[in-house]
Amino acid sequence: TNQVYRLKWNIPMSSTSSTIIPFQFTLYPNPTTNLLFYKVEHPKFEAIQLYNIYGQLLEEKNSPSGSFSIQNYPSGNYLVSVITSNRNYQKLVIKE
């Protein structure tokens with residue numbers, strides 16, 4: 001069954017800061033066979049990256065919403081990494 005992955009946090013900007021940054025990361029469907037859609041809501045968003053299991057960067061996008069076309073990649077596990085100016089977030093994706 002395909003699932004929508006949602007991550008939602010309120011993140012302090014630093015360990016000494018009381019400023020909170022709302023963060024939401026949506027990734028679906030997972031597992032997938034063709035398109036992998038994403039949406040990132042974070043004021044310090046910089047990029048989103050797709051890596052294979054060997055750590056090789058396959059694609060990078062600078063838009064906070066869109067999709068990766070993974071139909072031409074072999075079946076297996078992939079890592080999606082959200083890059084912000086102060087932190088990175090990762091999620092494992094399965095390509096069937």
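Predicted model: local features only at pLDDT ≥ 70, side-chain atom pairs only at ≥ 80, totals over all residues.
Student: How many bridges join strands E4 and E5?

Tutor: Strands (E, at least two residues) are DSSP runs, numbered from the N terminus, and two strands pair if DSSP finds at least two bridges between them. Here E4 (residues 45-52) and E5 (residues 57-61) run antiparallel and are joined by 4 bridges. Leu-50 stands opposite Glu-59 in E5. The two strands form a hairpin with 4 residues between them, and Gly-55 in the turn has a positive phi of about 85 degrees.

Student: Which residues touch the most other members of the largest nonpolar core?

Tutor: In soluble globular proteins, nonpolar side chains tend to be buried together. A nonpolar core is a set of buried Ala, Val, Leu, Ile, Met, Phe, Trp, Tyr and Cys residues joined through side-chain atoms within 4.5 Å; buried means under 20% relative accessible area, exposed over 50%, and partly exposed in between (1.4 Å probe, protein chains only). The largest core has 16 residues, of which Phe-25, Leu-27, Val-40, Ile-48, Phe-68, Val-80 and Val-82 touch the most other members. Strands E2 (20-30), E3 (35-41), E4, E7 (76-84) and E8 each give two or more residues to this core.

Student: What is Ile-48 in contact with?

Tutor: Contact means heavy atoms within 4.5 Å. Leaving aside neighbours within four places in sequence, the contacts of Ile-48 include Phe-25, Tyr-38, Val-40, Phe-68, Val-80 and Val-82. Glu-59 and Lys-61 are also among them.

Student: How many salt bridges are found in the whole structure?

Tutor: A salt bridge is a side-chain nitrogen of Lys or Arg within 4 Å of a carboxyl oxygen of Asp or Glu. The search finds 2. One joins Lys-39 and Glu-41 (3.6 Å, N to O). Lys-39 counts as partly exposed because its relative accessible area is 43%, and Glu-41 is likewise partly exposed, at 39%. Another joins Lys-61 and Glu-59 (3.9 Å, N to O). Lys-61 is partly exposed, at 26% relative accessibility, whereas Glu-59, at 19%, counts as buried.

Notes. Residues numbered from 1 in each chain as written. Heavy atoms only, no water.
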